[in-house]
Amino acid sequence: MSDTFKPRTAEETRDAVQWAMAEHEPVEIIGSGSKRALGKPVQAGHVLDLSDLSGIELYEPAELILTARAGTPIAEIEAALASENQELSFDPLDYGPLLGQPAGQGTLGGVIGANLAGSKRLKFGAARDHILGMDAVSGRGEIFKSGGQVVKNVTGYDLPRALTGSWGTLAVATRITLKVHPRCETEATFHLAGLSDTQAIAAMTDAMGSSAEVSAAAHLPEAASAGLRARGHDVVSGAATLLRLEGFGPSVDYRFELLNRLLGARAPITRIEADASRALWRSVRDAEPFAGTDDLVWRLSVAPTAGAEAAARIAARVAGTTAFYDWSGGLVWLAVPGADAKENEVRAAVAACGGGHATLVRAPAPLRAALHVFQPQEPALAALAARVKTQFDPHMILNPGRMGS
C-alpha cells in the first residue's frame, strides 16, 4: 500500500522518517514535484510530501537574511524579496518548462536539494554558497541543525554544503536560512549577432576578463536563437551572443561602451534594455529554447573554453544535435533527437575535453532507469560518497535510487 505523508512541522517530518526507518520502507521526498522527472526513478512505495511545510519564518531586509521552510514556493520568496528591492542573486533556474511542468512551481527545498543556480552563477556562485543555516532530519530519524542566521558562522561542520545537491538522498531539509542581496537598479544586455560557436567563446572569455563586470554570458547558435525569437524575445536573426550588465544606470552605460570598444569590431551590436533583458535571461536560464520539444536533453558542465569543442565532438558523432551555451561556455545545454540518449558519445566528448559532468536532464523514465543520469564517480569518490550516505541514511530509506545507488 502506498501512503503519502504531509508533515507540517519538523517534528512531524521526523516522525514520518522514524516510521519509515522502523518499517524499512523507503520514501520519495518531494515538494511540488516539479523536478520529479529528473534523476533516476525513485524506488519507493511511499511519498514524503513537504508542500505543507511551507512559509517564510523570518525576513530581515536590513540584515540581508531570510529563513523559510523547505516547502515554501520559490515564487513566494522572490515576491517577498522584490517588495524590498532584493533578490536571490544566484538566480535559481526553473526546470518546470523544460520538464513539461508549469513555470514557477519549484520550492526552496528543491532548489537546495538540486543546488540550482542560473546564468548569474558566474558572478554570484551556486545555491550552496548562499546558505547560512539549515535544519534537517537525517535518515536516522534525528533532527539536526547546522549554521545559523549570520554571514560569518563557525558552529560546527558545514553540513549545508554537503546536503546541497544531494537530491534528498542524505537528509530531509525542513528549514533553510539564506543570505540575500539588493536588486540592481537596472540592466542591459550587450548582444553580438552572427558569431560562430568558437568566435563566441572567445568573445565571452574576453568580456569576462575585462573590467566590464559581466554578470552572465551566453551564446545561442541559430537554432536556439530562433527558439527565443519564437517566444517573443528581441534577438536578431542568426546566432546571438549575450552579455548581461547590471548596476546603476550610468555604470551600465559606461560598461556597455567599454564592451563596444572591446568587441564591437567582431560583430553587429544591439542593446536590449532592462525589462526585455530580464525576460530574455529568464528564458536562457531555464533552457526554454528546448522546452516543448521531444528531444532528449543533456546538461554538460565543462571548462568554459571547452564548451564549443565538446558540442562539436558530439555533433560529429550524433546527427541532429543542437546546443547552446551559458556560463561563458562552461554550461552546455544539448538536445539529442530520437529515443537514444547517446550516453557513450556524450561522456566520451566530455572526457576528451578535459573532463567535467554530464547530466541527462530530460528523458522518459525507462531510459533514465537504464542509464547513468548523473556523472559516474571515480572509485575513490564513490567510496567516499557511500560512507557519507551510510552516516546520514544507514537504512537507505531516503530517495533510494535517485542518484543511481
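How much space lies in the largest pocket? About 1,700 Å³. Before I go on, a word on what we're looking at. This is a predicted model, where local features need pLDDT of at least 70 and side-chain atom pairs count only at pLDDT 80 or more, while totals for chains, interfaces and linings use all residues. Residues are numbered from 1 along each chain as its sequence is written, and side-chain values use heavy atoms, with hydrogens and water left out.

Okay, the pocket. By pocket I mean, on a 1 Å grid over the protein atoms alone, an open set of points with protein on both sides within 12 Å along at least five of seven lines; a cavity is a set where a 1.4 Å probe fits but cannot get out, and lining residues have an atom within 4 Å of a point. Points are joined across faces, edges and corners, and a volume is the space filled by probe spheres set on them.

The largest pocket has 43 lining residues, and G165, H357, F374, Q377 and M403 are the closest to its centre. Helix α13 (379–392) and strand β18 (357–362) are among the elements giving two or more residues to that lining, and α13 gives the most, with seven.

Now for R299, in strand β15 (residues 296–301). R299 is buried but has no salt bridge, and D326, the nearest side chain of opposite charge, is 7.4 Å away. Buried means under 20% relative accessible area, with a 1.4 Å probe and protein chains only. A salt bridge needs a side-chain nitrogen of Lys or Arg within 4 Å of a carboxyl oxygen of Asp or Glu; for charge, Lys and Arg count as positive, Asp and Glu as negative, and His and the chain ends aren't counted.

Setting aside neighbours within four places in sequence, the contacts of R299 (heavy atoms within 4.5 Å) include Y95, W327, V332 and H357.

Methods: Helix = DSSP H or I, 4+ residues; strand = E, 2+ residues; numbered from the N terminus. Buried < 20%, exposed > 50% of the residue type's maximum accessible area, 1.4 Å probe, protein only.
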